[in-house]
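Please keep the sequence and the structure at hand while reading.

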Amino acid sequence: MPAPNPTLRQRQLAMRLRELRHERGLSIAEVAEHLLCSPTKISRIETGQRRASLRDVRDLCKLYDVDQSHTTELMTLAKDARQKEWWQAYDNVIFQPMLGLEAGATSITEYEITTVPGPLQTEDYARAVIRGWLPGIEPTILEERVKSREKRKKDVLYRSDPPRYWVLLDESVLHRHVGGRQTMHRQLDHLLEISDLPQVTVQVIPYTAGAHMGFDSPFRMLAFDRNSGITDTVFIEHQMGLFYLEDDKTLQRFREIIDRLRAEALGTQQSKRHIAEIAAKFA
C-alpha cells in the first residue's frame with residue numbers, strides 16, 4: 001500500500017472540518033471564540049493552509065459533537081497530514097503545497113509559454129532556467145534546487161501510479177535559447193524521449209495558430225479521484241509566488257481553455273516531428 005500523502009490528507013481534513021462547522025450552523029468567529037484562538041487560525045485550518053494539531057481536531061470534534069468513530073477517523077487524517085514530505089529534506093524547495101497535491105493527482109495538464117515544464121527538464125536546462133530567474137543565486141542553493149527538480153520528475157513521471165500528464169507547449173518554448181545550443185539540443189531530445197511514455201502526451205501550439213485563449217499566462221491544472229474529496233486545482237506561477245484557484249466557475253473556465261488549446265495544437269505525431277526539426281537546428 002502506498003504511504004499516505006500528507007498534503008492530500010491535510011486538504012481532506014480541512015474539507016471535513018469545514019463541512020462539520022457548516023452543518024452545526026456556526027461561524028468561524030464563533031468556533032474561534034469556543035476554542036480561545038483567532039478566527040484566522042480556524043480559517044487557515046479549513047482552507048488547508050495550516051496543519052491542524054491533534055488537540056485542534058480533538059477540540060473541534062468535541063465542539064461539533066462528533067461520535068467516537070468519526071473522531072478517530074479525523075484524528076488519523078491529522079496524524080497522516082503531519083508526516084514529512086520528500087521535499088522537506090531540501091532547504092530551498094519552493095511551491096511546496098503544489099508538490100504535495102501533484103503527488104496525489106490522477107491527471108496533470110500543463111500549459112507553458114516560456115520554458116519546458118519542470119518535470120520534463122534536463123539538469124543542465126533546469127540549472128540555466130534557475131540561474132536566469134535568480135542571477136545571484138548561491139551555487140549550493142542552485143544545485144539543491146536542481147536536485148529537487150530531478151526528484152520531482154521521478155515522482156511525477158516514474159512512480160508506480162503516475163498521473164496522466166498532458167503538456168501543451170507554445171512553440172516559443174522550443175526556440176528560446178536556454179543554456180546554449182548544446183543544452184537546448186539535449187533538452188529537446190529529452191522531451192521527445194519522455195513524450196514516448198504511455199502516460200505522457202505532448203502537443204505543440206504552433207505560431208500559425210495565431211491568437212488563442214492561452215495568451216494570458218502559463219498554468220497547471222491538477223485533477224483528483226472524485227472519491228478523494230479533493231477539489232481539482234489550477235496553479236498559476238508568478239514572480240510574486242504561486243496562486244491556486246479551485247472555485248467551480250474558475251475551474252470550468254480553465255477546462256474550456258484546455259479544450260480549446262488541445263484543438264489549436266498540433267497532433268501528437270505532428271508535434272514530435274516539429275520538436276525533432278527544431279532540435280536538429282540546435283545540433
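**A buried glutamine and its polar contact**

A polar contact is a pair of N or O atoms within 3.5 Å, and within protein one of the two must be able to donate a hydrogen and the other to accept it. In this structure, which is a predicted model, a polar atom of the Q187 side chain lies 2.8 Å from the backbone nitrogen of T122.

Q187 is part of helix 10, and because buried means under 20% relative accessible area, Q187 with its 0% relative accessibility counts as buried. Beyond its neighbours within four places in sequence, Q187 is in contact with V116, L120, Q121, T122 and Y125.

In soluble globular proteins, nonpolar side chains tend to be buried together. Here the largest nonpolar core has 33 residues, of which L120, L174, L188, L191 and I275 touch the most other members. At least two residues of this core come from each of helix 7 (123-133), helix 8 (139-157), strand 2 (164-170), helix 9 (172-175), helix 10 (181-195), strand 3 (200-205) and helix 12 (268-282), and helix 10 supplies the largest share, with five residues.

Another core, of 17 residues, lies apart from the largest one and has V31, A52, V66 and L77 among its members.

**The cavity**

Rolling a probe the size of a water molecule over the atoms shows where empty space is left. The structure holds one cavity of 30 Å³ or more, and the volume of the largest cavity is about 30 Å³.

Its lining is made up of Q10, L13, A14, I45, R50, R51, A52 and A81, which divide into five nonpolar, one polar and two charged residues. Helix 1 (residues 6-24) gives the most to this lining, with three residues.

**Positive phi in two loops**

Most residues other than glycine have a negative phi. L36, although not a glycine, has a positive phi of about 55 degrees; L36 is found in the loop between helix 2 (28-35) and helix 3 (39-46), and at 78% relative accessibility L36 counts as exposed.

D65, also not a glycine, has a positive phi of about 55 degrees. D65 sits in the loop between helix 4 (54-63) and helix 5 (68-81), and D65 is exposed, with a relative accessible area of 67%.

Key. Residues are numbered from 1 along each chain as its sequence is written. This is a predicted model: local features need pLDDT of at least 70, side-chain atom pairs count only at pLDDT 80 or more; totals for chains, interfaces and linings use all residues. Side-chain values use heavy atoms; hydrogens and water are left out. A nonpolar core is a set of buried Ala, Val, Leu, Ile, Met, Phe, Trp, Tyr and Cys residues joined through side-chain atoms within 4.5 Å. Buried means under 20% relative accessible area, exposed over 50%, partly exposed in between (1.4 Å probe, protein chains only). Helices (H or I, at least four residues) and strands (E, at least two) are DSSP runs, numbered from the N terminus. Contact means heavy atoms within 4.5 Å. On a 1 Å grid over the protein atoms alone, a cavity is a set of points where a 1.4 Å probe fits but cannot get out, and a pocket is an open set with protein on both sides within 12 Å along at least five of seven lines; lining residues have an atom within 4 Å of a point. Grid points are joined across faces, edges and corners, and a volume is the space filled by probe spheres set on the points. Ala, Val, Leu, Ile, Met, Phe, Trp, Tyr, Cys and Pro count as nonpolar, Asp, Glu, Lys and Arg as charged, and the others, Gly among them, as polar.
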